Amino acid sequence: MYHRGYHRGGSGSRAGGPRGRRCPGHRGGFVPHRTPRPTGRCVVRGSTGAAPPSRDPPPPGGLQPRLSTSMMEEISEEPPTSAIILENCHFSQVIFNDVEKFYVPGGDVTCYYTLTESILPRGKDWVGIFRVGWKTIREYYTFMWAPLPSDTHRDTTMQQQIQFKACYLPQDDEYYQFCYIDQDGVVRGASVPFQFRVDAEDDILVVTTQGEVEEVEHQNQNLHKENEKLKANCASLQEQNSHLQQELKKTQELQNALESLRSTTKKLEVELNSLRKENTHLKRLDDGRRAVMHQLKEQIQSVTSDKECLETRLKTALDHLDQLQQQNENLLKELEEQKHLFQILQEKKKEADEENQQLREKNGRLLRRLLQAREASSVSVVSRAPKVGGLLFGNPYCGFYEEMLHVR
């Protein structure tokens, strides 16, 4: 039977045959649904996740060389992801523009978005296509690295675009959305949901069976329910977006305060390092001073010992000096007595010398008188005196007179 319905793309029917299409440049066969292709910048992954390409510069043409299985196992090419949930995202920092409700299967899709002044693009930011209802950013279907704008340090918004190749896009009619994720794994923007199917207004004639019609109606009911849920989620997201914008202002203020604190912290760290170096230098000086003080203590102990020894010797010397002083006093007294006695003796000697001089003069006078008397009586004395040879001992006065005359 003939039935006017939706054409959801694909070369085979919905009841049978593979869901897929031929990809330009792919040699033969169909590209299976949600098949990872690590050979290009646009990467498809399923629920289990395939290894996307690295951020290193791709070869000309936007595609990377085909990798072998062993090379794919050795190279970790996952985009920066984490288990970020919706409540921790900042959807208002990247705004997706001109998002269609439906994208025709089999064609490339260009994603237009605006970078606000609240986000600073970095080298490993990426844009992914997610099935609506995703919980973590690891559940992306495909992604492409976000190109860096020419001026990263800007104060205004900037328009960007990315083109997803048709061979990497979903082949079902589920609802999807674009999401911008930075290299820290934080969602910075999300688009409204869209589908990969022909617009409902472009009805075509499709040959279907009654079972397929019932299946389509059942799917339409499910889609209607899911659409109601999405509308509720969209309203919630809009309310959340308004709340997030308010939080964003607070976050920006906190970021400014944080930058100020970081600058202060850096200055404090520099001062702390300087103080640590100065403290280390002071510790070294203190160790040196302690060593010097230890040496000084030893020297003081040695000097104290020498002092005690010298004090003992000084005391002994003082005692000996006292004795010597006493002896000196005694000797001085004796000397005074000796001087006095010497003076007495000198006086006595002087008197004796004077008396002796007088006696000598007197003796001289007597001798002269005697000689005169001798000369006068020499003749008579000689005749009367016996001969010398007749005396037993000789004349004792003969030599005496001659000696006295000689002295004179």
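Helices are runs of at least four residues assigned by DSSP and numbered from the N terminus. In this predicted model, one such run is helix α2, which covers residues 210-384. Asp286 and Arg290 stand 4 residues apart in helix α2, and therefore about one helical turn separates them. Their side chains meet in a salt bridge, with a distance of 3.0 Å from N to O. Asp286 counts as partly exposed because its relative accessibility is 31%, whereas Arg290, with a relative accessible area of 54%, is exposed.

**Salt bridges between loops**

Side chains of opposite charge can pair when their charged atoms come close. The structure holds 8 salt bridges, and among them is the pair of Arg122 and Asp182, whose closest N and O atoms are 3.8 Å apart. Arg122 belongs to the loop between β5 (109-115) and β6 (126-131), while Asp182 belongs to the loop between β9 (175-181) and β10 (187-190), so this pair ties together parts that are 60 residues apart in sequence. Asp182 counts as buried, at 3% relative accessibility, whereas Arg122 is partly exposed, with a relative accessible area of 28%.

Arg122 also meets the side chain of Asp184 in a salt bridge of 2.5 Å, taken from N to O. Because Asp184 lies in the loop between β9 and β10 and Arg122 in the loop between β5 and β6, the pair ties together parts that are 62 residues apart in sequence. Asp184 is partly exposed, at 48% relative accessibility. Together with Arg188, the residues Arg122, Asp182 and Asp184 are linked in a network of salt bridges.

| Pair | N to O distance |
|---|---|
| Arg122 and Asp182 | 3.8 Å |
| Asp184 and Arg122 | 2.5 Å |
| Asp286 and Arg290 | 3.0 Å |

**Patches on the surface**

Leu314, Leu318, Leu321 and Leu324 form a nonpolar patch, and together they have about 330 Å² of accessible area. One of these residues, Leu321, has its place in helix α2 and is partly exposed, with a relative accessible area of 38%.

A disulfide is a covalent bond between the sulfur atoms of two cysteines. The structure holds 0 disulfides. Cys179, at 0% relative accessibility, counts as buried, while Cys309 is partly exposed, with a relative accessible area of 43%.

Most residues other than glycine have a negative phi. Asp98, although it is not a glycine, has a positive phi of about 50°. This residue, Asp98, is found in the loop between β3 (94-97) and β4 (102-103), and its relative accessibility of 61% is over the 50% that marks a residue as exposed, so Asp98 counts as exposed.

Notes. Residues are numbered from 1 along each chain as its sequence is written. This is a predicted model: local features need pLDDT of at least 70, side-chain atom pairs count only at pLDDT 80 or more; totals for chains, interfaces and linings use all residues. Side-chain values use heavy atoms; hydrogens and water are left out. Helices (H or I, at least four residues) and strands (E, at least two) are DSSP runs, numbered from the N terminus. A disulfide is a pair of cysteine sulfur atoms within 2.5 Å. Buried means under 20% relative accessible area, exposed over 50%, partly exposed in between (1.4 Å probe, protein chains only). Patches are made of residues with over 30% relative accessible area and no salt bridge: like charges are joined within 9 Å, nonpolar side chains (Val, Leu, Ile, Met, Phe, Trp, Tyr) within 5 Å. Accessible areas come from the Shrake-Rupley method with a 1.4 Å probe; for residues, only the protein chains shown count as cover. A salt bridge is a side-chain nitrogen of Lys or Arg within 4 Å of a carboxyl oxygen of Asp or Glu.
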